[in-house]
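Have a look at the model first, then read on.

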Amino acid sequence: MIDPTNPRDNHLLAALPEAEWLRWLPQLEAVELPLGHVLYESGSKMSHVYFPTTAIVSLLYVMENGAPAEIAVVGNEGLVGVSLFMGGESTPSRAVVQSAGWGFRLRARKMKEEFDRAGPVLHLLLRYTQALITQMSQTAVCNRHHTLDQQLCRWLLLSLDRLHGDELVMTQELIANMLGVRREGVTEAALKLQNAGLIRYARGHISVLDREGLEARSCECYAVVKKEYDRLLPNRLAI
């Protein structure tokens, strides 16, 4: 059973070697992450990095006219705030909770100290960053070349990989904002998936009925991203 206040439910924290884990544990602060909560805005200075356990966070790029588009999702596989240890104090993206839950945060100063130790933490964070860059790149390709229902399948599968269950609480308007498309397009795409028996959608709840069917209907982008995460990141405790 998942305990939302257990740091080990975040895969990166679970992969820390024993010495690093014992050093980090007193510094980790459990935080509730409600739907729509903004962890940081574009251009703002980061005070913490976040390690979701049961929540999912969307990284959004916001255009000058205010229109948002999702560039990546982060859940229990990773962390929010890679710009902090990659040499910048801020980022042009916005981080917003897309699925409510819990996570842990670590002060920015502490994270930079750990990164500068140039030990196993550095290598773990760099591998995670490479996987995240792959997701961002593949999202850009997918949004340019693939149909909306393929994009929706990819988005649902990536979200499912970061949840403990087969149901998402998500309105079509919010999905449209994430994908950077009109709500009517999401309605049509979701209806296609529902008529095919892949999902059930009602009152902001999306239940996935046939995951294999979603994978078959999705473009290659989901498989590319998943393969890279599986290749780069550990799936068990490092201790």
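S218 touches Q150, C153, R154 and L157, not counting residues up to four places away in sequence; touching, or contact, means heavy atoms within 4.5 Å. You'll find S218 in the loop between α8 (211-217) and α9. With a relative accessible area of 10%, S218 is buried (buried means under 20% relative accessible area, exposed over 50%, partly exposed in between, using a 1.4 Å probe and protein chains only). From S218 to E32 the C-alpha atoms are 32 Å apart in space, and the two residues are 186 apart in sequence.

A quick word on what you're looking at: this is a predicted model, where local features need pLDDT of at least 70 and side-chain atom pairs count only at pLDDT 80 or more, while totals for chains, interfaces and linings use all residues. Residues are numbered from 1 along each chain as its sequence is written, and side-chain values use heavy atoms, with hydrogens and water left out.

Now for the helices, which are DSSP runs (H or I, at least four residues) numbered from the N terminus. Two packed helices are described by the angle between their axes and the distance between the axes. Axes here are lines fitted to C-alpha atoms over the stretch in contact, with angles from 0 to 180 degrees between N-to-C directions.

| Helix pair | Axes come within | Crossing angle |
|---|---|---|
| α5 (residues 148-161) and α6 (residues 172-179) | 11 Å | roughly 100 degrees |
| α6 and α7 (residues 183-195) | 8 Å | roughly 110 degrees |

So α5 is roughly perpendicular to α6, and α6 is roughly perpendicular to α7. That label covers 65 to 115 degrees; under 35 counts as roughly parallel, over 145 as roughly antiparallel and the rest as oblique.

Who makes these contacts? Between α5 and α6 they are L148, L152, R154 and W155 on one side and I175, M178 and L179 on the other. By class, that contact has 6 nonpolar, no polar and 1 charged residues (Ala, Val, Leu, Ile, Met, Phe, Trp, Tyr, Cys and Pro count as nonpolar, Asp, Glu, Lys and Arg as charged, and the others, Gly among them, as polar). For α6 with α7, the contact comes from Q172, E173, I175 and A176 of α6 and R183, V186, T187 and A190 of α7. This one has 4 nonpolar, 2 polar and 2 charged residues.

On to the rings. The whole structure has 3 aromatic pairs, meaning rings of Phe, Tyr and Trp (its six-membered ring) with centres within 6.5 Å; planes under 30 degrees apart count as stacked, over 60 as edge-to-face and the rest as tilted. In one of them, Y128 and Y229 have ring centres 6.5 Å apart and planes at 70 degrees, so the pair is edge-to-face. Y128 lies in helix α4 (residues 120-145) and Y229 in helix α9 (residues 220-232), so the pair ties together parts that are 101 residues apart in sequence. Y128 counts as buried at 0% relative accessibility, and Y229 counts as buried at 7%.

Y229 also has a charge over its ring: the charged end of R162 sits 5.3 Å from the ring centre. Likewise, R8 lies over the face of W21, at 3.8 Å from the ring centre. To count, NZ of Lys or CZ of Arg must be within 6 Å of the ring centre and within 35 degrees of the ring normal.

Conventions
Helix = DSSP H or I, 4+ residues; strand = E, 2+ residues; numbered from the N terminus.
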